[in-house]
Amino acid sequence: MVTIKKDSEKQIGQFVAEDYRTAAVFSKYKIDFCCNGNRTIQEACEKKGIDSNDLLDELQSVLSNKGEQSIDYKSWPLDLLADYIEKKHHRYVEEKIPVLRQFLDKLCRVHGERHPELLKINQLFTASAGELAAHMKKEELILFPFVKKMVSATLNTATVAAPQFGTVMNPIEVMMQEHDNEGERFREIAALTDNYNPPADACNTYRVTFAMLEEFEKDLHLHIHLENNILFPKAIKLEQQFS
């Protein structure tokens, strides 16, 4: 069996890019693997006051289980990955936002007086909804088409004209900053919801809303991970072939 003890200096994002099953371990320890995936395990554990050996043992256990291999997103062609992100994760966000906003508005009306934290949660999610809508359009209209153009040029041994935004690094830096902003917003939401645990007097709508918020955050983590740790680095590397 290959040991990963030596990998305490490996970046978290690399672990998750190689096998997404490791994301569950990082989530358990409240370690951000998407927006802050560029830290080493050692750095993250020191900041959280966690014994890195415990974390590495759990990662070892997950990686040793061959019966449940995760999807190997790293092996996908870049244009396929961009299409997948748009059709799976962007559509998910677009479908869930109206439902969650309706539920949160109802919770604020019915329970806001007893649970004023709901007002802040609603405010944060509404801000996130607006920012994500604009963010995804920028990816769909600017970044992803250029990534697909580079892939097509590679397959046809053609050249690619310099884009209006100069270099792919420019929109990627903007996207990553916006990812950080959403990561921070959902950390606040998680704290305000006691990690999505509804209070004792919660009605069914309350419980469903918190469960949906938790699912939304998990999907967002995978969405950001696929871009920050796989799509963006590969797009930067691909562009270098044309310089």
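Me: Which helix gives the most to the lining of the second largest pocket?
Reply: This is a predicted model. The second largest pocket has a volume of about 310 Å³. Helix 1 (12-18), helix 7 and helix 8 each give two or more residues to its lining. The top contributor, with seven residues, is helix 8.

Me: Which residues are the closest to the centre of the second largest pocket?
Reply: The lining of this pocket divides into 10 nonpolar, seven polar and four charged residues. In total, 21 residues line the second largest pocket. The closest to its centre are Gln11, Asn228, Asn229, Ile230 and Pro233.

Me: How much space lies in the largest pocket?
Reply: Helix 2 (22-28), helix 3 (41-48), helix 7 (169-192) and helix 8 (204-240) each supply at least two residues of its lining. That lining divides into 12 nonpolar, five polar and nine charged residues. The space in the largest pocket is about 760 Å³.

Me: Is histidine 89 buried or exposed?
Reply: Histidine 89 is found in helix 5 (residues 78-111). Its relative accessible area is 0%. Buried means under 20%. Histidine 89 therefore counts as buried.

Me: Which side chain is joined to that of histidine 89 by a polar contact of 3.1 Å?
Reply: Leaving aside residues up to four places away in sequence, histidine 89 touches Tyr84, Asp219, Leu222, His223 and Leu226. A polar contact is a pair of N or O atoms within 3.5 Å. At 3.1 Å, the side chain that makes this contact with histidine 89 belongs to aspartate 219.

Technical notes:
Residues are numbered from 1 along each chain as its sequence is written. This is a predicted model: local features need pLDDT of at least 70, side-chain atom pairs count only at pLDDT 80 or more; totals for chains, interfaces and linings use all residues. Side-chain values use heavy atoms; hydrogens and water are left out. On a 1 Å grid over the protein atoms alone, a cavity is a set of points where a 1.4 Å probe fits but cannot get out, and a pocket is an open set with protein on both sides within 12 Å along at least five of seven lines; lining residues have an atom within 4 Å of a point. Grid points are joined across faces, edges and corners, and a volume is the space filled by probe spheres set on the points. Helices (H or I, at least four residues) and strands (E, at least two) are DSSP runs, numbered from the N terminus. Ala, Val, Leu, Ile, Met, Phe, Trp, Tyr, Cys and Pro count as nonpolar, Asp, Glu, Lys and Arg as charged, and the others, Gly among them, as polar. Buried means under 20% relative accessible area, exposed over 50%, partly exposed in between (1.4 Å probe, protein chains only). A polar contact is a pair of N or O atoms within 3.5 Å; within protein, one must be able to donate a hydrogen and the other to accept it, and residues adjacent in sequence count only if both atoms are side-chain atoms. Contact means heavy atoms within 4.5 Å.
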